[in-house]
Structure formats: C-alpha cells, structure tokens
Amino acid sequence: MYGGERGGPIGTSLTVQPAAALCLEAIEFGARFVIINAQPTPYDQVADAVLRTPIGESLPTLVDLAINKL
C-alpha cells in the first residue's frame, strides 16, 4: 500500500504473517485502514475504523463508497 494505493488483508485475524505486516506497513507510511473482522484483532486500537459486521455485508458498501469518492 504505497503512494495512495488502497488495499489490505480481508478475512484474517491479523495474528499471522504476512497479513499482520500489512497493518504495520500502513502505520509506518501513514496510510489509513479499516478492519472488518468478527473478532478483535491486535490492530483494532490503531485502525481508522473497526467493523464487526460480516465481510459479505460490509465490503460491498465500502467498495461502493471508495469508487464513488475517487
């Protein structure tokens, strides 16, 4: 996630590498990120938003919002 790119891991507890490293890189480069996960993750405190709704419900709305704001 560099130079304004958007992306990240989906459907992970963020406790296993390399998925967890993506959050660390986001923080390091000042990127914003949203966590969508049913259970708490180690990165909830530093995420810009945390959603506990099922991915199948949350992701389509987030994608639509991202596309319409680009």
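Helix α1 is followed by G30, whose phi is positive, near 75°. The model is predicted: local features need pLDDT of at least 70, side-chain atom pairs count only at pLDDT 80 or more, and totals for chains, interfaces and linings use all residues. Residues are numbered from 1 along each chain as its sequence is written, and side-chain values use heavy atoms, with hydrogens and water left out. Helices (H or I, at least four residues) and strands (E, at least two) are DSSP runs, numbered from the N terminus.

- In α1 (residues 19-28), A19, A20, C23 and A26 are the buried residues; buried means under 20% relative accessible area with a 1.4 Å probe, protein chains only.
- These buried residues fall within an arc of 120° seen down the helix axis, so they line one face of α1; the arc is that of the directions from the helix axis to the C-beta atoms.
- L14, A20, C23, A26, F33, I35, Y43 and A47 form the largest nonpolar core, a core being a set of buried Ala, Val, Leu, Ile, Met, Phe, Trp, Tyr and Cys residues joined through side-chain atoms within 4.5 Å.
- With three residues, α1 gives the most to this core.

**Helix α2**
- S58 sits in α2 (residues 55-69) and counts as buried at 7% relative accessibility.
- Beyond its neighbours within four places in sequence, S58 is in contact (heavy atoms within 4.5 Å) with I36, L51 and T53.

**Loop between β1 and β2**
- Q39 lies in the loop between β1 (34-36) and β2 (49-51).
- Its relative accessibility of 53% makes Q39 exposed, a term for values over 50%.
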